[in-house]
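Dear colleague,

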Amino acid sequence: MHKWSSIICTVFMLMLCITGLPLIFHHEIDHLLHEEVEAAVVPPGTPPASLDDVVASTLKHESGQVAHFLIWDDDDPNSLMVSIGKTINADPSTNRIVRIDAHTAAYLDAPDVTKRFTYIMLKLHTDMFAGLPGKLFLGFMGILFCVAIISGIFIYAPSMRKLKFGTYRRERRRVVRWLDIHNLTGILLVIWMLVVGFTGVINTWADLVIKVWQFGQLAEMTAQYKDKPLSANPTSIEAAVRTARQAEPDMKPAFVAFPGTIFSSKTHYAVFMRGNMPLTAKLLKPALIDAETGKLTDSRPLPWYVATLLVSQPLHFGDYGGMPLKIIWAVLDIITIVILITGLYLWLRRRKSGVSIERAVAGSAGPAEQPVFTS
């Protein structure tokens, strides 16, 4: 199990580890490589601009477009992002992002992120530019990776029963030294690799999880409005967000889905609120605001499967503990690459020589060190 699950997934896991490394620092890389129009410097305590003005400023500069989502930027509190498409029914994955000054409602820019290095890395990492089939395929590779890790735990103890923990036999043949590196780094990182591998698998199911939520909880929350047409004259988005804040005073808005988009109904603003603490900042709670009356019609915590997805995403990239955690994640990612490369080397060495690693190691070891486990 350990050998074949590793062999099948190793190349793809190497690709995921290599592409995932720059994604840990995606914001810093984008800031370094790409110029962005900075928001105006304002005195502390300056009130934010009206959200209606933010949307109006967007559509004024982007004629022929409609707003799908209004998003608060975690990395830059002085700007807001508006996701726009050609029609309200357009595929949101093709939307463009417009940045607006959060205090003056001034148009900042609308960068084409599809040509950025981090975007290419993200697409390779999430679906290899193959859409849902690519995501599900990488999810299967992630499952094999978890199988390889768990099976490696079971065979680690027998392999080390004649050796001290952390033994590195530098005087032995290269294959023995690589085996020692592979075994030691693998057992040290076993928990982290399981966490990152399993959360990665969960992330590949994101599209399916959202569909389940849409046809489940969201459909239940909007059932009595399902036959109503798209709101022709929706109420103020500023008022809708204010209503959501009043309903959830201990939370703050993360993003707003406009009526007719995939996260709302034809007659509602869906204001997704999030917690104020680091541990709750990634957990969302939708508040549905009637787009015609401006009244709150429903607000429920997201089901467990959506909450699991929301928690797994920042945990996968180490994106919830600031720069120190990002550095730790990067170091552990590099060590994982070493584990994968050493495992691949041991397998290729075995195929090339036609001799099992067990025999190669046994032939270079003393009597007290036999037998030694094969990777």
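A search of the whole structure, which is a predicted model, finds three cavities of 30 Å³ or more, a cavity being a set of points on a 1 Å grid over the protein atoms alone where a 1.4 Å probe fits but cannot get out, with volume taken as the space filled by probe spheres set on the points, which are joined across faces, edges and corners. The largest cavity holds about 420 Å³, and of the 25 residues that line it, those closest to its centre are His2, Ser6, Ala148, His182 and Ile339 (lining residues have an atom within 4 Å of a point).

Residues are numbered from 1 along each chain as its sequence is written, and side-chain values use heavy atoms, without hydrogens and water. Local features need pLDDT of at least 70 and side-chain atom pairs count only at pLDDT 80 or more, while totals for chains, interfaces and linings use all residues.

Turning to charged pairs, there are 13 salt bridges, each a side-chain nitrogen of Lys or Arg within 4 Å of a carboxyl oxygen of Asp or Glu. In one of them, lysine 123 pairs with aspartate 127, with the closest N and O atoms 3.0 Å apart; lysine 123 is partly exposed at 22% relative accessible area, whereas aspartate 127 is buried at 3% (buried means under 20%, exposed over 50%, partly exposed in between, with a 1.4 Å probe and protein chains only). Lysine 285 and glutamate 248 also meet in a salt bridge, at 2.9 Å from N to O, and a network of salt bridges links Glu36, Asp76, Arg99 and Asp109.

With best wishes

Note on methods: On a 1 Å grid over the protein atoms alone, a cavity is a set of points where a 1.4 Å probe fits but cannot get out, and a pocket is an open set with protein on both sides within 12 Å along at least five of seven lines; lining residues have an atom within 4 Å of a point.
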